[in-house]
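Colleague: I have just opened this entry and would like a short tour. Could you take me through the main points?

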Amino acid sequence: MPSLAAAKSSYVYCDNGLRCVMAPCPSNSALDLATGKVVNGVSIDIDHLPQEDKALSDRLYAGKLVIVGSIETRARTFNGRQYTLPWLVATGIERTAKDSERSHCSSR
């Protein structure tokens, strides 16, 4: 069962362009705007977003939107090994992200 690690907050989520041969992979990150902390290796769960917000997925993954949600830890199994990984559970879109809020988004 997922565990809630934090209350709802605002995040800028992005795909950093990093690709891995084996999972888990730190190819995505989310900046928590309330704390300034960057969560690396986070996946996103958009199942709770309204349908019209899901249509913005290209902007969502590019760090162009501020997402309302919370970080949960979820157990996942890759190659027979179990990992506890962070997930951003998105519940809404707040606004367009500022350039300064996207600074953690970079291709490597």
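This is a predicted model: local features need pLDDT of at least 70, side-chain atom pairs count only at pLDDT 80 or more; totals for chains, interfaces and linings use all residues.

Colleague: How many bridges join β6 to β7?

Modeller: There are 14 bridges between β6 and strand β7 (residues 81-96), and the two run antiparallel. Strands are DSSP runs of E with at least two residues, helices are runs of H or I with at least four, and both are numbered from the N terminus. Two strands pair if DSSP finds at least two bridges between them. Within this pairing, Ala 75 stands opposite Thr 84 in β7.

Colleague: And what lies between β6 and β7 in the hairpin?

Modeller: The hairpin has 2 residues between its strands, and Asn 79 in the turn has a positive phi of about 50°.

Colleague: Which strand is joined to β6 by 5 bridges?

Modeller: That is strand β2 (residues 9-15), which runs antiparallel to β6 (residues 62-78). Cys 14 stands opposite Ala 62 in β6.

Colleague: Staying with Cys 14, which residue does the disulfide join to this cysteine?

Modeller: Cys 14 is joined to Cys 105, with an S to S distance of 2.2 Å; a disulfide is a pair of cysteine sulfur atoms within 2.5 Å. Cys 14 lies in strand β2 and Cys 105 in the segment after β7, so the link ties together parts that are 91 residues apart in sequence. The structure holds 1 disulfide, and this link is left-handed, with -100° about the S-S bond.

Colleague: Is Cys 14 buried or exposed?

Modeller: Cys 14 is buried, at 1% relative accessible area, while Cys 105 is partly exposed at 21%. Buried means under 20% relative accessible area, exposed over 50% and partly exposed in between, using a 1.4 Å probe and protein chains only.

Colleague: Changing topic, how many aromatic pairs does a search of the whole structure find?

Modeller: The search finds 1 aromatic pair. Tyr 13 and Tyr 61 form an edge-to-face pair, 5.9 Å centre to centre with 70° between the planes. Rings of Phe, Tyr and Trp (its six-membered ring) pair if their centres lie within 6.5 Å; planes under 30 degrees apart count as stacked, over 60 as edge-to-face and the rest as tilted.

Colleague: Where do Tyr 13 and Tyr 61 lie?

Modeller: Tyr 13 lies in strand β2 and Tyr 61 in the loop between α2 (57-60) and β6, so the pair ties together parts that are 48 residues apart in sequence. Tyr 13 is buried, at 1% relative accessible area, and Tyr 61 is partly exposed at 32%.

Note on methods: Residues are numbered from 1 along each chain as its sequence is written. Side-chain values use heavy atoms; hydrogens and water are left out.
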